[in-house]
Amino acid sequence: MQRRGLLIILSSPSGAGKSTIAKRLRAWDPEIRFSVSATTRAPRPGEEDGREYYFRTRDEFQEMVAAGEMLEHAEVFGNLYGSPLAPVEEAVAGGADILFDIDWQGGQQVRNSALAEDVVSIFLLPPSIAELERRLIARGQDSAETVAGRMQKSKDEISHWAEYDYVLVNDDLDATEEAVRTIVRASRLRRRQQTGLNDRLRALFAEFEARK
Ligand code: ADP
Ligand code: 5GP
(Lines give C-alpha, C1' and ligand atoms only; values in the text may rest on other atoms or scores of the structure.)
(Ligands and ions follow the chains in the order given, each with its own letter.)
Protein backbone atom coordinates (compact mmCIF):
# COMPACT_ATOMS: atom_id res chain seq x y z
CA MET A 1 0.00 0.00 0.00
CA GLN A 2 1.18 3.50 -0.85
CA ARG A 3 2.24 5.63 2.11
CA ARG A 4 3.90 8.85 3.17
CA GLY A 5 7.18 8.45 4.99
CA LEU A 6 7.63 9.50 8.61
CA LEU A 7 10.00 12.07 10.02
CA ILE A 8 11.29 10.28 13.12
CA ILE A 9 12.91 12.74 15.51
CA LEU A 10 15.14 11.28 18.17
CA SER A 11 16.46 13.69 20.80
CA SER A 12 18.14 13.25 24.16
CA PRO A 13 20.95 14.72 26.17
CA SER A 14 24.27 13.70 24.70
CA GLY A 15 25.20 10.20 25.90
CA ALA A 16 21.67 8.95 26.60
CA GLY A 17 21.78 6.58 23.63
CA LYS A 18 20.49 8.25 20.45
CA SER A 19 23.14 6.95 18.06
CA THR A 20 22.99 3.47 19.54
CA ILE A 21 19.21 3.31 19.12
CA ALA A 22 19.37 4.86 15.66
CA LYS A 23 21.85 2.19 14.50
CA ARG A 24 19.71 -0.61 15.90
CA LEU A 25 16.62 0.80 14.24
CA ARG A 26 18.35 0.82 10.89
CA ALA A 27 19.58 -2.74 11.40
CA TRP A 28 15.95 -3.71 12.08
CA ASP A 29 14.71 -1.91 8.97
CA PRO A 30 17.42 -0.93 6.47
CA GLU A 31 14.83 1.09 4.54
CA ILE A 32 14.85 3.74 7.26
CA ARG A 33 17.08 6.57 6.09
CA PHE A 34 19.25 8.79 8.25
CA SER A 35 19.08 12.52 7.79
CA VAL A 36 22.71 13.54 7.28
CA SER A 37 23.13 16.97 8.86
CA ALA A 38 25.45 19.75 7.82
CA THR A 39 27.72 21.10 10.53
CA THR A 40 30.50 23.62 11.01
CA ARG A 41 32.24 21.47 13.60
CA ALA A 42 35.46 19.69 12.68
CA PRO A 43 35.25 16.00 11.74
CA ARG A 44 36.22 13.54 14.50
CA PRO A 45 38.65 10.74 13.64
CA GLY A 46 36.87 8.22 11.45
CA GLU A 47 34.09 10.58 10.37
CA GLU A 48 33.61 11.07 6.63
CA ASP A 49 32.15 14.02 4.78
CA GLY A 50 28.70 13.03 3.53
CA ARG A 51 28.39 10.02 5.82
CA GLU A 52 28.19 11.25 9.44
CA TYR A 53 27.83 14.89 8.46
CA TYR A 54 28.37 17.31 5.62
CA PHE A 55 31.30 19.28 7.02
CA ARG A 56 30.97 22.91 5.94
CA THR A 57 32.52 26.27 6.73
CA ARG A 58 30.39 28.84 8.54
CA ASP A 59 30.00 30.82 5.31
CA GLU A 60 28.95 27.77 3.31
CA PHE A 61 26.50 26.83 6.04
CA GLN A 62 24.96 30.28 6.16
CA GLU A 63 24.58 30.29 2.38
CA MET A 64 22.60 27.05 2.58
CA VAL A 65 20.33 28.62 5.20
CA ALA A 66 19.86 31.80 3.14
CA ALA A 67 18.99 29.72 0.06
CA GLY A 68 16.21 28.00 2.04
CA GLU A 69 17.95 24.63 1.80
CA MET A 70 17.61 23.76 5.51
CA LEU A 71 14.56 22.23 7.15
CA GLU A 72 15.92 23.42 10.50
CA HIS A 73 19.17 24.67 11.93
CA ALA A 74 20.58 25.58 15.32
CA GLU A 75 23.74 26.35 17.22
CA VAL A 76 24.85 23.49 19.49
CA PHE A 77 28.06 23.51 21.55
CA GLY A 78 29.21 26.62 19.64
CA ASN A 79 28.82 25.04 16.19
CA LEU A 80 26.06 25.30 13.60
CA TYR A 81 24.07 22.18 12.74
CA GLY A 82 21.23 21.79 10.28
CA SER A 83 19.14 19.25 8.38
CA PRO A 84 19.08 19.65 4.57
CA LEU A 85 15.49 19.78 3.30
CA ALA A 86 15.71 18.11 -0.13
CA PRO A 87 16.44 14.53 1.03
CA VAL A 88 13.62 14.83 3.55
CA GLU A 89 11.02 15.85 1.00
CA GLU A 90 12.18 13.11 -1.33
CA ALA A 91 11.99 10.46 1.40
CA VAL A 92 8.53 11.45 2.62
CA ALA A 93 7.02 11.64 -0.86
CA GLY A 94 8.60 8.30 -1.80
CA GLY A 95 7.20 6.56 1.27
CA ALA A 96 10.54 6.21 3.08
CA ASP A 97 10.97 7.06 6.75
CA ILE A 98 13.79 9.39 7.72
CA LEU A 99 15.41 9.55 11.13
CA PHE A 100 16.80 12.72 12.69
CA ASP A 101 19.36 12.82 15.47
CA ILE A 102 18.84 16.49 16.35
CA ASP A 103 18.60 18.60 19.48
CA TRP A 104 15.45 20.14 21.01
CA GLN A 105 15.82 23.36 18.96
CA GLY A 106 15.78 21.37 15.73
CA GLY A 107 12.89 19.27 17.05
CA GLN A 108 10.82 22.40 17.64
CA GLN A 109 11.51 23.76 14.16
CA VAL A 110 10.62 20.50 12.41
CA ARG A 111 7.41 20.24 14.44
CA ASN A 112 6.51 23.75 13.25
CA SER A 113 7.44 23.11 9.61
CA ALA A 114 5.22 22.24 6.65
CA LEU A 115 6.00 18.59 7.35
CA ALA A 116 4.77 18.76 10.96
CA GLU A 117 2.01 16.22 10.41
CA ASP A 118 4.48 13.58 9.28
CA VAL A 119 6.55 13.88 12.44
CA VAL A 120 6.79 11.39 15.24
CA SER A 121 9.12 12.56 18.00
CA ILE A 122 10.85 10.51 20.65
CA PHE A 123 12.86 11.75 23.62
CA LEU A 124 15.28 9.44 25.41
CA LEU A 125 15.97 10.03 29.09
CA PRO A 126 18.90 8.50 30.96
CA PRO A 127 18.00 6.39 34.04
CA SER A 128 20.01 8.86 36.16
CA ILE A 129 22.42 11.75 35.73
CA ALA A 130 25.23 9.65 37.20
CA GLU A 131 24.58 6.98 34.56
CA LEU A 132 24.50 9.63 31.82
CA GLU A 133 27.96 10.78 32.86
CA ARG A 134 29.18 7.19 33.08
CA ARG A 135 28.03 6.54 29.50
CA LEU A 136 29.67 9.69 28.19
CA ILE A 137 32.95 8.68 29.80
CA ALA A 138 32.61 5.02 28.73
CA ARG A 139 32.05 6.07 25.12
CA GLY A 140 35.63 7.29 25.25
CA GLN A 141 35.11 9.88 22.53
CA ASP A 142 35.58 13.09 24.46
CA SER A 143 38.06 14.79 26.76
CA ALA A 144 37.11 15.40 30.40
CA GLU A 145 36.44 19.01 29.46
CA THR A 146 34.07 18.10 26.62
CA VAL A 147 32.25 15.62 28.86
CA ALA A 148 31.77 18.39 31.44
CA GLY A 149 30.42 20.69 28.72
CA ARG A 150 27.97 18.04 27.51
CA MET A 151 26.81 17.37 31.09
CA GLN A 152 26.10 21.06 31.54
CA LYS A 153 24.03 21.22 28.36
CA SER A 154 22.07 18.09 29.29
CA LYS A 155 19.92 19.87 31.89
CA ASP A 156 18.80 22.30 29.22
CA GLU A 157 18.08 19.46 26.77
CA ILE A 158 16.14 17.40 29.35
CA SER A 159 13.99 20.41 30.25
CA HIS A 160 12.33 20.06 26.80
CA TRP A 161 11.17 16.49 27.42
CA ALA A 162 7.45 17.38 27.41
CA GLU A 163 7.54 18.67 23.81
CA TYR A 164 7.92 15.13 22.46
CA ASP A 165 5.23 12.61 21.49
CA TYR A 166 7.00 9.75 23.26
CA VAL A 167 9.42 9.78 26.18
CA LEU A 168 11.43 6.65 26.96
CA VAL A 169 13.83 5.98 29.83
CA ASN A 170 16.76 4.27 28.13
CA ASP A 171 17.66 1.88 30.93
CA ASP A 172 17.67 -1.52 29.22
CA LEU A 173 18.82 -1.10 25.62
CA ASP A 174 16.79 -4.04 24.23
CA ALA A 175 13.61 -2.74 25.89
CA THR A 176 14.18 0.76 24.50
CA GLU A 177 14.79 -0.61 21.02
CA GLU A 178 11.58 -2.64 21.20
CA ALA A 179 9.63 0.44 22.36
CA VAL A 180 11.00 2.50 19.48
CA ARG A 181 10.05 -0.22 16.99
CA THR A 182 6.53 -0.26 18.42
CA ILE A 183 6.27 3.52 18.01
CA VAL A 184 7.47 3.34 14.40
CA ARG A 185 5.15 0.46 13.53
CA ALA A 186 2.13 2.27 14.98
CA SER A 187 3.04 5.62 13.42
CA ARG A 188 3.24 4.05 9.98
CA LEU A 189 -0.41 3.07 10.40
CA ARG A 190 -1.64 6.61 11.06
CA ARG A 191 -4.31 7.64 8.58
CA ARG A 192 -2.15 10.50 7.34
CA GLN A 193 0.67 8.13 6.36
CA GLN A 194 -1.60 5.71 4.50
CA THR A 195 -2.02 7.63 1.27
CA GLY A 196 -3.40 4.56 -0.46
CA LEU A 197 -6.53 4.72 1.70
CA ASN A 198 -8.46 7.04 -0.61
CA ASP A 199 -8.35 4.51 -3.46
CA ARG A 200 -9.19 1.70 -1.10
CA LEU A 201 -12.23 3.55 0.23
CA ARG A 202 -13.37 4.47 -3.26
CA ALA A 203 -13.26 0.78 -4.17
CA LEU A 204 -15.23 -0.18 -1.05
CA PHE A 205 -17.95 2.35 -1.79
CA ALA A 206 -18.05 1.33 -5.46
CA GLU A 207 -18.71 -2.18 -4.24
CA PHE A 208 -21.63 -0.92 -2.14
CA GLU A 209 -23.03 0.83 -5.23
CA ALA A 210 -22.65 -2.31 -7.33
CA ARG A 211 -24.77 -4.29 -4.84
CA LYS A 212 -27.81 -2.01 -5.26
P1 ADP B 1 24.16 9.72 22.11
O2 ADP B 1 24.10 9.39 20.65
O3 ADP B 1 22.81 10.04 22.68
O4 ADP B 1 25.16 10.78 22.44
P5 ADP B 1 25.34 7.05 22.38
O6 ADP B 1 24.37 6.22 21.61
O7 ADP B 1 26.65 7.35 21.77
O8 ADP B 1 24.62 8.40 22.90
O9 ADP B 1 25.54 6.31 23.80
C10 ADP B 1 26.53 6.74 24.74
C11 ADP B 1 27.20 5.51 25.35
O12 ADP B 1 26.27 4.81 26.18
C13 ADP B 1 27.69 4.51 24.30
O14 ADP B 1 28.93 4.00 24.72
C15 ADP B 1 26.59 3.44 24.31
O16 ADP B 1 27.12 2.17 23.98
C17 ADP B 1 26.12 3.46 25.76
N18 ADP B 1 24.69 3.12 25.92
C19 ADP B 1 23.63 3.53 25.16
N20 ADP B 1 22.47 3.04 25.64
C21 ADP B 1 22.77 2.30 26.73
C22 ADP B 1 21.98 1.52 27.67
N23 ADP B 1 20.66 1.42 27.58
N24 ADP B 1 22.66 0.88 28.65
C25 ADP B 1 24.00 0.99 28.76
N26 ADP B 1 24.80 1.69 27.92
C27 ADP B 1 24.20 2.35 26.91
P1 5GP C 1 27.79 15.85 17.72
O2 5GP C 1 28.64 17.05 17.42
O3 5GP C 1 28.15 15.21 19.03
O4 5GP C 1 27.70 14.89 16.58
O5 5GP C 1 26.30 16.41 17.94
C6 5GP C 1 26.05 17.35 18.93
C7 5GP C 1 24.57 17.63 19.06
O8 5GP C 1 24.07 18.25 17.88
C9 5GP C 1 23.69 16.40 19.30
O10 5GP C 1 22.81 16.71 20.38
C11 5GP C 1 22.90 16.27 18.03
O12 5GP C 1 21.60 15.75 18.27
C13 5GP C 1 22.82 17.70 17.56
N14 5GP C 1 22.61 17.77 16.09
C15 5GP C 1 23.25 17.04 15.14
N16 5GP C 1 22.82 17.37 13.93
C17 5GP C 1 21.88 18.33 14.10
C18 5GP C 1 21.05 19.07 13.21
O19 5GP C 1 21.05 18.92 11.98
N20 5GP C 1 20.22 19.99 13.77
C21 5GP C 1 20.15 20.20 15.11
N22 5GP C 1 19.27 21.10 15.55
N23 5GP C 1 20.90 19.51 15.98
C24 5GP C 1 21.76 18.60 15.48
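Student: What should I know before I start?

Tutor: Residues are numbered from 1 along each chain as its sequence is written, chains are lettered from A and ligands numbered from 1 in the order in which they are written. The model is predicted, so local features need pLDDT of at least 70 and side-chain atom pairs count only at pLDDT 80 or more, while totals for chains, interfaces and linings use all residues; side-chain values use heavy atoms, with hydrogens and water left out.

Student: How do I read a sheet? What is the order of the strands in the open sheet of five?

Tutor: Helices (H or I, at least four residues) and strands (E, at least two) are DSSP runs, numbered from the N terminus. Two strands pair if DSSP finds at least two bridges between them. In a regular strand the side chains alternate between the two faces of the sheet. Here the five strands follow the order S2-S7-S1-S8-S9, with parallel pairing. S2 (33-34) and S9 (166-169) stand at the edges with a single partner strand each, so one side of each has no neighbour in the sheet. S8 (residues 119-125) pairs with S9 over four bridges, and Ile 122 has Tyr 166 in S9 as its bridge partner.

Student: Which strands form the open sheet of four?

Tutor: That one runs S4-S3-S6-S5, with mixed pairing. S4 (53-55) and S5 are its edge strands, each pairing on one side only. S3 (residues 37-39) and S6 run antiparallel and are joined by two bridges; Thr 39 has Tyr 81 in S6 as its bridge partner.

Student: How many bridges join S5 to S6?

Tutor: Six, and these strands are antiparallel too. Val 76 stands opposite Asn 79 in S6. As for burial, buried means under 20% relative accessible area, exposed over 50%, and partly exposed in between (1.4 Å probe, protein chains only). Five of the seven residues of S5 (residues 70-76) are buried, so this strand is largely enclosed by the rest of the structure.

Student: What is there to notice about Phe 77?

Tutor: Most residues other than glycine have a negative phi. Phe 77 has a positive phi of about 50 degrees although it is not a glycine. Phe 77 sits in the loop between S5 and S6, in a hairpin with two residues between the strands. At 38% relative accessibility, Phe 77 is partly exposed.

Student: And how do I read two packed helices?

Tutor: Two packed helices are described by the angle between their axes and the distance between the axes. Axes are lines fitted to C-alpha atoms, for helices over the stretch in contact, and angles run from 0 to 180 degrees between N-to-C directions. H5 (residues 129-139) and H6 (residues 144-158) pack at about 140 degrees, with axes 11 Å apart. Angles under 35 degrees count as roughly parallel, over 145 as roughly antiparallel, 65 to 115 as roughly perpendicular and the rest as oblique. H5 and H6 are therefore oblique to each other.

Student: Is Pro 84 buried or exposed?

Tutor: Pro 84 is buried, with a relative accessible area of 12%, and its place is in S6. Contact means heavy atoms within 4.5 Å. Leaving aside neighbours within four places in sequence, the contacts of Pro 84 include Val 36, Tyr 54 and Leu 71. Pro 84 and Leu 71 are 13 residues apart in sequence, yet 5.8 Å apart in space, C-alpha to C-alpha.
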